Amino acid sequence: MSARLAEVELRRVQLALVSPFRTSFGAETDRDVLLVRVALEVDGERIDGWGECVALREPVYSAEFVDAAELVIDEHLVPRLVDGPPVSAASVAGRLAAVKGHPMAKAAVEMAVLDAELRHRGECLARHLGGTVDRVPSGVSVGIFDSIDELLSAVQGYLDEGYLRIKLKIEPGWDIEPVRRVRELIGPEMGLQVDANTAYGRSDIEHLCRLDEFDLLLIEQPLAEEDIVGHAQLARASATPVCLDESIVSLATAADAIELGATQIINIKPGRVGGYLEARRIHDLCVDRGVPVWCGGMLETGIGRAANAALASLPGFTLPGDISASTRFYARDIVTDPIVVVDGHVAVPTTPGLGFELDLPHLDTVTRSSTLIELSS
Ligand code: SMG
Ligand code: MG
């Protein structure tokens with residue numbers, strides 16, 4: 001296949017969340033999403049593909065943020081794909097490698113090219129990546145509340161919706177007691193895990209070991225992104241498996257963290273590692289090393305969630321992912337076939353491309369800006 005980049009559009013979409021989502025780094029009340037549309041010209045035919053950038057409005061989860069992602073795509077990434085050899089999804093990462101960092105921006109571009117390429121070939125993402133199941137178990141991520149009663153009522157609602165695993169956001173002052181009470185509510189069998197989004201330090205290791213009594217599946221990213229040694233210390237001290245999220249930004253960081261004993265499970269987020277193809281390489285490495293993985297979430301719309309469900313159908317994804325229903329965050333999605341949870345599972349999309357169709361009239365109503373990038377070539 002010999003494809004040329006014929007057009008690139010950057011769209012900013014604003015979606016209100018059905019309720020605020022509070023983590024140790026702040027509260028999200030709406031999502032400012034950057035979408036990338038590419039038109040590929042293949043054998044005289046034009047085919048559109050869409051990608052979703054998972055960067056948040058502010059650089060509080062990681063260094064990236066959505067304004068910066070839009071700028072870097074416009075001024076530094078797209079120009080590198082215009083001149084030179086034909087464009088293919090497999091070659092995007094290599095062609096963008098001279099630009100340091102910005103994995104979420106790079107991932108969005110690669111995703112759009114991949115979507116167009118797969119649509120052209122009539123192939124779905126799950127098959128392209130090597131997925132082996134037609135549905136994946138669904139977990140839900142539950143934010144921090146003002147009171148334990150509010151937390152328990154939210155968790156009860158998610159149990160009623162059939163989620164198979166609960167993840168609680170924690171921070172200093174909101175950890176042992178909320179976890180104890182939720183464990184009491186959900187019983188000993190239900191999967192439960194916690195995510196601190198870097199809110200603790202090495203001096204908290206003893207305190208974090210108190211979570212051992214709740215039989216958690218894992219503790220996610222308690223310490224700073226850079227603190228690989230601290231996570232290894234915690235992993236030695238605690239019975240709860242340590243799982244890295246923010247620290248894993250590439251195949252190489254994953255390999256190092258495993259070797260150093262800093263992560264016993266890995267949360268794979270395609271945006272954080274530069275795309276779905278790097279995500280698959282991390283999956284393959286983890287299978288090889290016997291490290292379980294699961295698919296994280298960044299409050300994606302139906303575009304990113306469809307692709308995440310496809311990724312999670314690979315055999316190494318042995319733990320439920322943060323692939324909750326569209327209605328967990330959004331009253332109305334921008335796709336015609338939003339993710340739903342049935343018997344605790346999400347269906348793996350089988351349609352060509354990433355596995356979604358856009359609700360274009362609705363997308364237009366939530367679009368705040370749209371820019372066509374000048375392709376000089
Ligand atoms: O997409 O269902 C989702 C949210 C999952 O908790 C989630 N994501 O650190 O894993 C994480 C967070 C990052 C985003 S918080 C605004
Ligand atoms: Mg996390």
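**Entry 1: the metal site**

I started with Asp195, which counts as buried at 0% relative accessibility; buried means under 20% relative accessible area, exposed over 50%, and partly exposed in between (1.4 Å probe, protein chains only). Asp245 is buried too, with a relative accessible area of 0%.

Bookkeeping before I go on: this is a predicted model, where local features need pLDDT of at least 70 and side-chain atom pairs count only at pLDDT 80 or more, while totals for chains, interfaces and linings use all residues. Residues are numbered from 1 along each chain as its sequence is written, chains are lettered from A and ligands numbered from 1 in the order in which they are written, and side-chain values use heavy atoms, with hydrogens and water left out.

Which residues are the protein donors of the magnesium ion (ligand 2)? I found Asp195 (OD), Glu220 (OE) and Asp245 (OD), lying 2.1 to 2.3 Å from the ion. Donors here are N, O and S atoms within 2.8 Å of the metal (3.2 Å for Na, K and Ca); water is not among the atoms, so sites may look incomplete. Along the sequence, the donor residues are spaced D-x24-E-x24-D. Asp195 in strand β7 and Asp245 in the loop between β9 and α10 (251–259) are 50 residues apart, so the pair links distant parts of the chain.

**Entry 2: the sheet**

Next I traced the strands. My labels follow DSSP runs, numbered from the N terminus: helices are H or I with at least four residues, strands are E with at least two. I get an open sheet of seven strands in the order β5-β6-β7-β8-β9-β10-β11, with parallel pairing; two strands pair if DSSP finds at least two bridges between them. At the edges stand β5 (139–142) and β11 (293–295), each with a single partner strand, so one side of each is left without a neighbour in the sheet.

β7 (residues 191–195) pairs with β8 (residues 219–220) in the parallel sense over two bridges. Asp195 stands opposite Glu220 in β8, and both are on my list of magnesium donors.

Helix α9 (residues 228–237) packs on the sheet, touching β8 and β9 (242–244), and its direction makes about 155 degrees with that of β9. Contact means heavy atoms within 4.5 Å. Axes are lines fitted to C-alpha atoms, for helices over the stretch in contact, and angles run from 0 to 180 degrees between N-to-C directions. Helix α11 (residues 276–289) lies across β10 (265–268) and β11, at about 165 degrees to β10.

Most residues other than glycine have a negative phi. I noted Thr198, not a glycine, with a positive phi of about 70 degrees. Thr198 sits in the loop between β7 and α8 (205–209) and is partly exposed, at 31% relative accessible area.

Leu299 also has a positive phi, about 55 degrees. Leu299 is in the loop between β11 and α12 (302–311). Is Leu299 buried or exposed? Buried, with a relative accessible area of 9%.

**Entry 3: the largest cavity**

On a 1 Å grid over the protein atoms alone, a cavity is a set of points where a 1.4 Å probe fits but cannot get out, and lining residues have an atom within 4 Å of a point. The largest cavity has a volume of about 230 Å³. Grid points are joined across faces, edges and corners, and a volume is the space filled by probe spheres set on the points. Of the 22 lining residues, the closest to its centre are Phe21, Lys169, Gly297, Met298 and Leu299.

Technical notes: 1 Å grid on protein atoms, 1.4 Å probe; cavity = no way out; pocket = protein on both sides within 12 Å on 5 of 7 lines; lining within 4 Å.
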